[in-house]
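Visitor: I have the sequence and the coordinates here. Could you take me through them by question and answer?

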Amino acid sequence: MKQGLIFILLTALFAAAQNSPDASVSETKIMALENAWGQAEKLDDSKALNSLLDDSLVYIRYDGSLWGKAQYLASLNDHRSHEEQAVNENMTAHVYGDSVLVTGVYRVKGVEKGEPYSRRERFIDTWVQRKGVWTCVASQVTLISH
């Protein structure tokens with residue numbers, strides 16, 4: 001029963017993507033890239049992240065610090081820090097031609113600089129398409145305190 005429901009949902013999703021305008025195709029692609037980002041971060045996969053993030057990335061962290069792509073990728077090499085759980089929630093894509101803004105909530109649990117943490121963060125990511133390739137150029141994360 002469960003497999004049948006999953007098959008029906010996947011079939012409907014595939015059909016919707018095939019019959020919808022370019023905006024829907026872009027939304028589907030970007031949502032997949034957002035989830036790939038979360039998994040790559042969880043697995044400390046800097047190669048995957050390198051391909052998702054633009055070289056000019058502007059990343060504003062939950063603590064207000066400003067990082068570029070190099071700092072973000074270098075943070076994965078800090079062996080005192082790692083993610084154990086990372087889940088995207090309530091994501092919405094807003095398509096503007098060759099640009100997409102994604103808003104959502106990122107629920108994350110892990111260890112940072114040797115200290116355990118569990119937090120929810122609201123984010124907005126800006127994706128642009130260049131020569132048929134989507135890349136994230138900006139990301140801002142705000143800690144949700146409640």
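Visitor: Is R119 buried or exposed?

Guide: Buried means under 20% relative accessible area and exposed over 50%, with partly exposed in between, using a 1.4 Å probe and protein chains only. The relative accessible area of R119 is 14%. R119 is therefore buried.

Visitor: What kind of model is this, and how are its residues numbered?

Guide: This is a predicted model, in which local features need pLDDT of at least 70, side-chain atom pairs count only at pLDDT 80 or more, and totals for chains, interfaces and linings use all residues. Side-chain values use heavy atoms, leaving out hydrogens and water, and residues are numbered along each chain as its sequence is written, from 1.

Visitor: In which sense do β1 and β6 pair?

Guide: Strands of a sheet pair through backbone hydrogen bonds, either parallel or antiparallel. For β1 and β6 (residues 133–144) there are 4 bridges, and L53 has C136 in β6 as its bridge partner. The pairing of β1 and β6 is parallel.

Visitor: How many bridges join β4 to β5?

Guide: Strand β4 covers residues 99–112 and strand β5 residues 115–130, and the two run antiparallel. Within this pairing, R107 stands opposite R120 in β5. The number of bridges joining β4 to β5 is 14.

Visitor: Which residue in the turn of the hairpin of β1 and β2 has a positive phi?

Guide: β1 and β2 run antiparallel and are joined by 2 bridges; in β2, W67 is the bridge partner of Y59. The hairpin has 5 residues between its strands, and the turn residue with a positive phi of about 90 degrees is G64.

Visitor: Which residues are linked with R61 in a network of salt bridges?

Guide: A salt bridge is a side-chain nitrogen of Lys or Arg within 4 Å of a carboxyl oxygen of Asp or Glu. R61 is in the loop between β1 and β2 and is buried at 11% relative accessible area. Its side chain meets that of D63 at 3.7 Å, N to O, while E112 and R119 form a salt bridge with their closest N and O atoms 3.3 Å apart. The residues linked with R61 in the network are D63, E112, R119 and E121.

Visitor: In the salt bridge of D55 and K69, which residue is buried?

Guide: The side chains of D55 and K69 meet at 2.9 Å, N to O. The pair links distant parts of the chain, with D55 in strand β1 (residues 53–60) and K69 in helix α4 (residues 69–75), 14 residues apart. D55 counts as exposed at 67% relative accessibility. At a relative accessible area of 8%, the buried residue is K69.

Visitor: E34 is buried yet has no salt bridge; how far away is the nearest side chain of opposite charge?

Guide: For charge, Lys and Arg count as positive and Asp and Glu as negative, while His and the chain ends are not counted. E34 lies in helix α2 (residues 22–42). Contact means heavy atoms within 4.5 Å; leaving aside neighbours within four places in sequence, E34 is in contact with N88, M91, V102, F123, D125 and W127. The nearest side chain of opposite charge is that of R122, and its distance is 13 Å.

Visitor: Which backbone oxygen does the side chain of S51 reach?

Guide: S51 is in helix α3 (residues 46–52) and is exposed, with a relative accessible area of 52%. S51 and V133 are 82 residues apart in sequence and 9.8 Å apart in space, C-alpha to C-alpha. At 2.7 Å, the side chain of S51 reaches the backbone oxygen of A48.

Conventions
A polar contact is a pair of N or O atoms within 3.5 Å; within protein, one must be able to donate a hydrogen and the other to accept it, and residues adjacent in sequence count only if both atoms are side-chain atoms. Two strands pair if DSSP finds at least two bridges between them.
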